[in-house]
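Here's a quick tour of one protein chain for you. Keep the 3D view open and click along as you read.

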Amino acid sequence: MFPDMQLWLKVILSVCVAFAVAFGTTPIVKAFAQKVGAMDNPGEARRIHTHPIPRMGGMAIFLGFLVSVVLFAEISKPVQGILIGSVIIVATGVVDDILSLKYWVKLIAQLAAAIIAVAHGVVIRGFMNPNVFSPNETLFIGFLSIPVTVIWIIGVTNAVNLIDGLDGLACGVSAISSVTMLVVALMVAEPNVAIILACLMGGCIGFIPYNFNPAKIFMGDTGALLLGYVLATVSIMGLFKFYAVITFLVPILAMALPLFDTATAIIRRLLKGQSPMMPDRGHLHHKLIDHGLSQKQAVAVLYSLSAMLGLTAVVICAGGKTRLLLLAVELCIAAAVGIFVWRTIEHPANEIHPAPDAQGAAEQKEDTRS
C-alpha cells in the first residue's frame, strides 16, 4: 500500500531535477522564442494585451521532464513509445508556435504520436463493466482497443490545449492531475508510472513561476499539447490497468476539468451550427471572468475544482480513516470555493475586474487552436 523509502527518494529527486531544469531553462527558451519570432503580438485577431509575449515555453517543461525521466525512470518499451511520441508532439508545437499551423497538420502529428505509443504497448484493453450483476468486473473491448486508445490520446491532448486560456491555468491543472495520478500510482504499487508523473509534475512546477499572471512567457502549443499527450499516455500505461473499481474512473476524474470543458465546447459549437474547431468565448475560464472574477481569481477557482476532482479520485482508492479524512478536506474546499464564487458574483461592487490584459491572455491561444 505504501511505497518504500527508495521509491520515495526517486520520486522526490524526479520532481526536484525536473523542476530545476524547467526553471533554469525557461529564460533561455524565452530568449530563443524572441529570436525566432515565436511571439504573441498585440494587434492580432482576438488579442488585446499591450505588449508582445514569447510563447514556446513548453520546451522548458519538456526538457525538465525528459532529463528527469532518463535519469530516474525505467525506460521500458511503453516509455520509449511515450518519449518518441512526445518528441513529435513538441516538434509540432514548436513549429506551430512560430508559424501557426493548420489544425489538420497538428491532428496528423497527434495521430502519428498516438499510433507510436500504441505500437509500443500503450493500449486500453478494457473498462469497468457497467453491468453490476455480471460476474466479470472488467469489460474487455477486443479489436476496439486501438481506435479507443487513439481517440483517448488525441482527445486528452487537445483538451489540455483548449483550457490554456489564462495565465498558469493549463500548466497548473496539469500539475494537479499529475499529483492525483502520482498518489494513486504510489497507493497501488506502480512505481515507474509514479516516477514519470513526478517528472511531469516537476516540469510544470518549474515553469509556473514564469507563467502566472502577468505571464512573462506562454507555454504555447509546445507545452499544452505535450502535457495532454503525456497525461493521456501515462494514464493508459498505469491507471487503466488497476482493479475494476478504479479502471477508467481515476484518469477521468484526474483530468475531468479539461475533458468537461472540451466536451461542452464541442456540443456548444455544434448546436450553434459552427465547426467544433471554431474558437469562442464560452469556456469555463471565460464564464468566470465575465461574472466578475479577475484572471488570478478565476485560475484559483479552477485550480480548486481540479483539486477536488483529484481528491475524489484518490478517495476511490483509499480506505478507512484515510477516506474519511480526504472526504472532509474535499468538502471544506468545495464550501470555500462555493462561498467565494457566490460572494464575488453577488457583490460586483467590490471592484473585482480582470486586469487590463486579462481578456487578451484569456484568448491568447484561441486564434491558433483548432
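Of the contacts in the chain with a separation of 6 or more, what share comes from residues 24 or more positions apart? The figure is 75%. Bear in mind that this is a predicted model. In terms of secondary structure, the chain has 14 helices and four strands. It runs to 370 residues, and 54% of them count as buried.

**The nonpolar core**

- Let's start inside: the largest nonpolar core takes in 90 residues.
- Phe 65, Trp 152, Ile 153, Leu 182, Met 219 and Tyr 229 are the ones with the most contacts inside that core.
- Which helix gives the most to this core? That's helix α7, spanning residues 191-211, with 13 residues.
- Here's some background: in soluble globular proteins, nonpolar side chains tend to be buried together.
- Click on Tyr 229 to see who it touches beyond its neighbours within four places in sequence: the list includes Gly 81, Ile 82, Ser 86, Ile 89, Ile 153 and Thr 157.

**Helices α1 and α2**

- Helix α1 covers residues 5-36 and helix α2 covers residues 58-72.
- Their axes come within 7 Å and cross at roughly 150 degrees, and the crossing is right-handed.
- On the α1 side, the contact is made by residues including Lys 10, Leu 13, Val 17, Val 21 and Val 29. On the α2 side, look for Met 59, Ile 61, Phe 65, Val 67 and Phe 72, among others.
- Sorted by class, this contact has 14 nonpolar, five polar and one charged residues.
- Leu 66 also sits in helix α2. Is Leu 66 buried or partly exposed? Leu 66 counts as partly exposed, because its relative accessibility is 27% and buried means under 20%.
- Leu 66 and Cys 199 are 133 residues apart along the chain, yet their C-alpha atoms are separated by 7.9 Å.

**Helices α5 and α10**

- Helix α10 is residues 256-271, and it packs against α5 with the axes 8 Å apart.
- How are α5 and α10 set relative to each other? They pack at an angle of about 90 degrees, so they count as roughly perpendicular, a label that goes with angles of 65 to 115 degrees.
- In α5, the residues that meet α10 include Trp 152, Val 156 and Asn 158. Their partners in α10 are Pro 258, Leu 259, Asp 261 and Thr 262.
- By class, the contact of α5 with α10 has seven nonpolar, two polar and one charged residues.
- Zoom in on Asn 158, which lies in helix α5 (residues 145-162). Asn 158 is buried, because its relative accessible area is 17% and the cut-off is under 20%.
- Setting aside neighbours within four places in sequence, Asn 158 is in contact with Gln 110, Leu 225 and Thr 262.

- Ser 86 is in helix α3, residues 77-99.
- Ser 86 is buried, with a relative accessible area of 0%.
- Which residues does Ser 86 contact, leaving aside neighbours within four places in sequence? They are Phe 62, Leu 226, Tyr 229 and Val 230.

**Loops worth a look**

- The loop between β2 and α2 holds both Met 56 and Gly 57.
- Met 56 isn't a glycine, but its phi is positive, near 80 degrees. Met 56 is also buried, at 0% relative accessibility.
- Gly 57 is buried too, with a relative accessible area of 0%. Not counting residues up to four places away in sequence, Gly 57 touches Val 29, Phe 207, Ile 217, Phe 218 and Met 219.
- From Gly 57 to Phe 32 it's 25 residues in sequence and 9.8 Å in space, C-alpha to C-alpha.
- Ser 100, in the loop between α3 and α4, has a positive phi of about 60 degrees although it isn't a glycine. Ser 100 is partly exposed, with a relative accessible area of 38%.
- Pro 214 is in the loop between α7 and α8. The peptide bond from Asn 213 to Pro 214 is cis, with omega near -5 degrees.

Note on methods:
Residues numbered from 1 in each chain as written. Predicted model: local features only at pLDDT ≥ 70, side-chain atom pairs only at ≥ 80, totals over all residues. Heavy atoms only, no water. Helix = DSSP H or I, 4+ residues; strand = E, 2+ residues; numbered from the N terminus. Buried < 20%, exposed > 50% of the residue type's maximum accessible area, 1.4 Å probe, protein only. Contact = heavy atoms within 4.5 Å. Axes fitted to C-alpha atoms, helices over the stretch in contact; angles between N-to-C directions. Left-handed = near helix turned anticlockwise from the far one by under 90°. Nonpolar A, V, L, I, M, F, W, Y, C, P; charged D, E, K, R; others polar. Core = buried A, V, L, I, M, F, W, Y, C linked by side-chain atoms within 4.5 Å. Parallel < 35°, antiparallel > 145°, perpendicular 65-115°, else oblique.
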